[in-house]
Amino acid sequence: MKKNGLACIGLTTLDVVARAIDELPKVEGTGLIEGIACAPAGTAGAPALLAARLGVASRLISAVGDDLTGRFIRAALSDAGVDVSDLETLPGLPSSTTLLAVSSSGVRPGFHALGAGMLARVTPGALQAASEVGFLHYGGVGGPKLDGGEGLSIVQAASRAGAVVTCDLIAPQPSAIEEVRRLLPHVDYFLPSAAEAVFLTGQQDLFAAAETFRSWGAKACIIKNGGRGSVVVLDDVSTTLPAYAITPVDTTSCGDSYCAGFIAALSRGWAPLDAARFGTATAALVAQGLATLGKVESFEATEAAMRQMTLSEAA
Ligand SMILES: Nc1ncnc2c1ncn2[C@@H]1O[C@H](COP(=O)(O)OP(=O)(O)OP(=O)(O)O)[C@@H](O)[C@H]1O
Ligand SMILES: [Mg+2]
C-alpha cells in the first residue's frame with residue numbers, strides 16, 4: 001500500500017505579525033499601520049498548516065497551552081484541515097507566542113514568549129501516526145521532551161515504516177550538534193537555513209556545510225538562503241537554486257513554507273530538484289503576504305505562480 005500524508009512534530013506557536021513598524025516609540029500612543037495578522041506557526045505548526053493548504057493530508061504532533069491562544073491555534077489548524085488529534089493541551093501553561101514587528105524594508109525583529117509549544121512529545125499515538133504517514137517532518141530539535149533519544153525514536157519508527165523523513169531547525173543552541181548528529185542517519189532531506197548550517201558546521205561555504213551534514217548521515221541536504229535562494233545537494237546533483245524576484249512583504253515562515261512546498265511536490269511524485277523549485281515558489285508566495293500562509297492558496301495556484309514569476313539574479 002502506498003503511504004500518504006504528512007506528520008509534523010516539534011514547535012507550535014502563534015505568530016502575531018504587524019507591518020510596517022520602523023521604530024518603536026518610547027512614549028505611549030496608538031499609530032495606524034498597514035496590517036496585523038495572527039496564524040499558527042513554528043517548525044511543526046507552520047509546515048502542517050501550509051502543507052494542508054497545498055492539499056496534503058497533514059497532522060500535527062505538538063502542544064499548546066490551556067489558554068485562549070491555544071484554543072485559537074487549534075481552531076485555526078482544524079479549520080485548515082490539519083488533523084489535531086495529536087496536539088496536546090498542557091494544563092497550567094501558556095501557549096508559545098511570537099510577536100513580530102516587520103519594518104517597511106522587511107526586517108523582522110521578533111519577541112518570543114516561551115510556552116507549551118516547545119513541549120511536543122512522542123506519545124504512543126504519535127508513534128502510531130509516524131508509522132502510517134508517507135512523510136515525517138521533524139522540527140523538534142531543542143525540544144526538552146524530544147532531545148536525547150525520544151525524538152530519534154519517532155524518526156526511526158517513521159523511517160523503518162518507509163516514510164520519507166525531512167528535518168528543519170529553529171534557533172539551534174550548541175547542544176543541537178549532538179542531537180542533529182543523532183538524527184541525521186535517519187533523515188532523507190535535511191533543510192536548515194544558511195545561518196543554522198554555518199553555526200552547526202563552522203563551514204562558511206554552504207556546499208561544504210551540506211557535505212558535512214551528509215557525512216553525518218543525511219541522505220540529502222537543502223540549505224535555505226533567504227533572497228539568495230537555496231543550495232541543493234542530492235546524490236546526483238549539487239546546485240544553487242535561485243529565489244524568485246519578488247517584493248517581500250513579510251518573510252516570516254518562508255523557511256517552513258519551503259519545506260511544506262517541497263514535501264507537497266514530492267508527495268505528488270515530483271523529482272527532488274523540481275520539488276525544491278516548488279518549495280522556492282511556495283516561499284515566494286508566503287513572502288508576499290503577512291504571516292504563515294502569506295499569499296499561498298493551493299497547490300495548483302502555486303504551480304501557476306511558479307510559471308509566471310521570474311527568477312532572481314541574487315544567488
Ligand atoms: N526576499 C526574498 N525574496 C525571494 N524569496 C525569498 C526571500 N526570502 C526568503 N525567500 C525564499 O524563502 C526560502 C526560505 O527562506 P529563508 O532562507 O529565510 O529560511 P529560514 O531562515 O529557514 O526562514 P524562517 O525564519 O522562516 O525559518 C528561501 O530559500 C527563498 O526561496
Ligand atoms: Mg527556518
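Angles under 35 degrees count as roughly parallel, those over 145 as roughly antiparallel, those from 65 to 115 as roughly perpendicular, and the rest as oblique. This tour concerns a predicted model, in which local features need pLDDT of at least 70 and side-chain atom pairs count only at pLDDT 80 or more, while totals for chains, interfaces and linings use all residues. Residues are numbered from 1 along each chain as its sequence is written, chains are lettered from A and ligands numbered from 1 in the order in which they are written, and side-chain values use heavy atoms, with hydrogens and water left out.

**First stop: a helix pair**

Select residues 272-286, helix α9, and residues 299-308, helix α10; they pack at an angle of about 95 degrees, and their axes lie 9 Å apart. The two helices are therefore roughly perpendicular to each other. Axes are lines fitted to C-alpha atoms, for helices over the stretch in contact, and angles run from 0 to 180 degrees between N-to-C directions. Helices (H or I, at least four residues) and strands (E, at least two) are DSSP runs, numbered from the N terminus.

Next, show the side chains of D274, R277, F278, A281, T282 and L285 on α9, and of F299, T302, E303, A305 and M306 on α10, which make the contact (heavy atoms within 4.5 Å).

**Second stop: a four-stranded sheet**

Move to the open sheet ordered β3-β2-β6-β7, whose pairing is mixed; two strands pair if DSSP finds at least two bridges between them. Strands β3 (35-41) and β7 (110-113) each have a single partner strand, so one side of each is left without a neighbour in the sheet. Neighbouring strands here are turned by 15 degrees against each other on average, direction ignored. Select β6 (residues 97-102): four bridges join it to β7, and the two run antiparallel. T98 has H112 in β7 as its bridge partner.

**Third stop: the cores**

A nonpolar core is a set of buried Ala, Val, Leu, Ile, Met, Phe, Trp, Tyr and Cys residues joined through side-chain atoms within 4.5 Å. The largest has 54 residues, and L60, L77, V232, Y258 and F262 have the most contacts inside it. Centre on L60, which touches residues including C8, A44, L77 and L87. A second, separate core of 39 residues includes V122, V133, V141 and L146.

**Last stop: G139**

Finish in strand β8 (residues 135-139), at G139. G139 is buried, with a relative accessible area of 5%; buried means under 20%, exposed over 50%, and partly exposed in between (1.4 Å probe, protein chains only). Among the residues that G139 touches are I9, G10 and D168. I170 is 31 residues from G139 in sequence and 7.6 Å away in space, C-alpha to C-alpha.

Methods
Lists of a residue's contacts leave out its neighbours within four places in sequence.
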